[in-house]
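Hi,

Here is the structure I promised to pass on. Have a look at it first, and my notes follow below.

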Amino acid sequence: MTGALAVKLAAAGPVIPNFGGGGSNTCVRQNKTFCWDWFTANWSGTFQPALEDHLRLTVIAVAIGFGIAMVAAMVAYRYAWFERPFSRFTLLLYTIPSLALFQFLVPITGLTDTSVEIALVSYTLLVLFSNILVGLRGVPDDVRDAALGMGLTPRQTLFRVQLPLALPAIMAGLRIATVLVISLATVAAFIVDEGLGSPILNAIQNDFKTKFVASAALAVLLALAADLVLVLAQRLLTPWSRRSA
């Protein structure tokens, strides 16, 4: 019986791994480092949705984190006593390992995007709060006094003078936070089947190199592209810094 089964298997030819299309391709069958044909064939069905989900998770987390950090920095700028407790709180959140924080949130908010976003927002607060506060405090006192002397109200001085001058420090924090969230969002695949972490996790489980390399490369390219966009935005928002350079 065993001999007959072996003959049938030999006649059937080699077993080709099923990696979701392209299984007859030699590159896929040999599980080489990267198979371009398989990547392009699975772009719309696998990688594009994962990339879009990853971008959505990142934008939401950074936007919420920036809003919270901005309000907290304004309070700390006006009331110095607030800085230390909030800084320690954000530092505590920052030091929690991402997987541990995800696991802590699951019993509370479940296997949902909410759990993912709470964790990602938590990791942005330390960087954003510190940079916004440093930027505000970096504005010279004589500049602020001159604005007040020209008749601007404290609110007008804040939005027309102090925040624009603090933009380089604020944008630096925003760049760091964005790249940080893009990297941490890959871990979100342990909670929700979204983002580039999902195909990375699947590739590790199936030992499929192309899917792993492609997903990881897209995450890196997304981080580089986001950083470039923020650099260009900073240059557009702070034209005086280019003239002074």
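A word on patches before anything else: they are built from residues with over 30% relative accessible area and no salt bridge, joining like charges within 9 Å and nonpolar side chains (Val, Leu, Ile, Met, Phe, Trp, Tyr) within 5 Å. A salt bridge here is a side-chain nitrogen of Lys or Arg within 4 Å of a carboxyl oxygen of Asp or Glu. Areas are Shrake-Rupley values with a 1.4 Å probe, and for residues only the protein chains shown count as cover.

This is a predicted model, so local features need pLDDT of at least 70 and side-chain atom pairs 80 or more, while totals for chains, interfaces and linings use all residues. Numbering starts from 1 along each chain as its sequence is written, and side-chain values use heavy atoms, without hydrogens or water.

One such nonpolar surface patch consists of I60, I64 and I68, with about 220 Å² of accessible area together. I64 sits in helix α4 (residues 43-78); helices are DSSP runs of H or I, at least four residues, numbered from the N terminus.

Now the rings. There are twelve aromatic pairs, meaning Phe, Tyr or Trp (six-membered ring) centres within 6.5 Å; planes under 30 degrees apart are stacked, over 60 edge-to-face, the rest tilted. F34 and F39 make a tilted pair, at 5.7 Å and 45°. W81 and F82 are edge-to-face, because their planes stand at 85°, with centres 5.9 Å apart. One aromatic cluster takes in F34, W36, W38, F39, W43, F47 and F208.

Cheers

How values were computed: Helix = DSSP H or I, 4+ residues; strand = E, 2+ residues; numbered from the N terminus.
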